[in-house]
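Visitor: I would like to go through the terms used for this model and hear the grounds for each.
Guide: Here is the entry.

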Amino acid sequence: MARKRTQKQPQETFYNGYRYRSRLDARWAAFFDAMHIRYEYMPQEFVLQDGTRFTPNFKLYGFTGRGSEGSDILWAAVTEAFDWNEEKDHQDFYKDMWQFCQGSTHGYIVNPAIVLPPFPDELNDWFSNMVTTFAYVDGDTCACVIAKREEEPDSEEFVLCGDDCCYIEDWQFEMTEEALEKARGTRLIPWEEMKKW
């Protein structure tokens with residue numbers, strides 16, 4: 001039987017011409033825009049092996065580095081979609097993510113993905129939230145943040161950095177910090193307010 005998670009009531013939000021399921025989703029979209037990362041928002045629903053329906057929040061293009069072999073796509077799931085205080089929800093979320101990443105295989109990642117935390121106030125907060133910020137790549141999991149290669153800050157390509165996730169040392173964290181700040185300052189309009197215009 002398919003499982004259903006207990007979810008908080010998200011606030012639908014308007015940003016950059018699109019309607020987002022929550023303010024957090026819109027905030028991460030603003031971050032990807034600031035990072036020059038191309039993305040699609042909730043483009044596809046998947047039915048997992050146990051029958052659970054799973055829709056990643058973002059499909060990111062330009063993923064390079066460890067785990068990107070054969071594809072430049074990294075899926076991203078935002079964690080505020082459920083109550084972190086509910087242990088069962090926590091376990092179900094990671095079970096769903098692991099099923100999604102493995103697809104019909106066992107132990108081999110076919111859908112590389114990252115779990116994004118509640119939007120961090122600064123880069124150090126993202127690093128400190130690595131207990132919940134995981135990427136599933138290359139048959140393994142690793143705590144990480146999204147960064148750019150130092151020599152290619154304007155490229156659409158990006159990498160994952162942290163906790164043995166990738167072995168490249170020339171990270172461009174300054175751009176990540178600037179993108180977080182820009183996204184935090186981006187005006188997001190509640191959808192209910194937008195409808196009154």
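Guide: Buried means under 20% relative accessible area. The model is a predicted one. By that cut-off, both faces of β7 are covered, with I73, W75 and A77 buried on one side and L74, A76 and V78 buried on the other.

Visitor: Why are the residues of β7 listed as two sides?
Guide: Because side chains in a regular strand alternate between the two faces of the sheet.

Visitor: What makes β7 largely enclosed by the rest of the structure?
Guide: Six of the six residues of β7 are buried, and therefore the strand is described as largely enclosed.

Visitor: How do you know that β7 pairs with β6?
Guide: Two strands pair if DSSP finds at least two bridges between them. Four bridges join β6 to β7 (residues 73-78), and the two run antiparallel.

Visitor: What is the sense of the pairing between β7 and β8?
Guide: Parallel, over four bridges. W75 stands opposite A113 in β8.

Visitor: Which strand pairs with β3?
Guide: Strand β3 (residues 38-41) pairs with β6 in the antiparallel sense, again over four bridges. The bridge partner of E40 is K59 in β6.

Visitor: What makes both faces of β6 count as covered?
Guide: In β6 (residues 58-61), F58 and L60 are buried on one side, and K59 and Y61 are buried on the other.

Visitor: Why is N16 called exposed?
Guide: Exposed means over 50% relative accessible area. N16 has 51%, so the residue is exposed. It lies in the loop between β1 (13-15) and β2 (18-20).

Visitor: Why is M42 called partly exposed?
Guide: The term covers values between the buried limit of 20% and the exposed limit of 50%. M42 is at 30% relative accessibility and therefore counts as partly exposed. M42 sits in the loop between β3 and β4 (46-47). Its phi is positive, about 45 degrees, although M42 is not a glycine.

Visitor: Which residues form the negative surface patch?
Guide: D121, E122, E174, E177, E178 and E181. Asp and Glu count as negative, and patch members have over 30% relative accessible area and no salt bridge.

Visitor: Why does D121 count as exposed?
Guide: Its relative accessibility is 54%, so D121 counts as exposed, the cut-off being over 50%. D121 is placed in the loop between β8 (113-116) and α3 (123-128).

Methods: Residues are numbered from 1 along each chain as its sequence is written. This is a predicted model: local features need pLDDT of at least 70, side-chain atom pairs count only at pLDDT 80 or more; totals for chains, interfaces and linings use all residues. Side-chain values use heavy atoms; hydrogens and water are left out. Patches are made of residues with over 30% relative accessible area and no salt bridge: like charges are joined within 9 Å, nonpolar side chains (Val, Leu, Ile, Met, Phe, Trp, Tyr) within 5 Å. Accessible areas come from the Shrake-Rupley method with a 1.4 Å probe; for residues, only the protein chains shown count as cover. A salt bridge is a side-chain nitrogen of Lys or Arg within 4 Å of a carboxyl oxygen of Asp or Glu. The place of a charge is taken as NZ of Lys, CZ of Arg, CG of Asp or CD of Glu. Buried means under 20% relative accessible area, exposed over 50%, partly exposed in between (1.4 Å probe, protein chains only).
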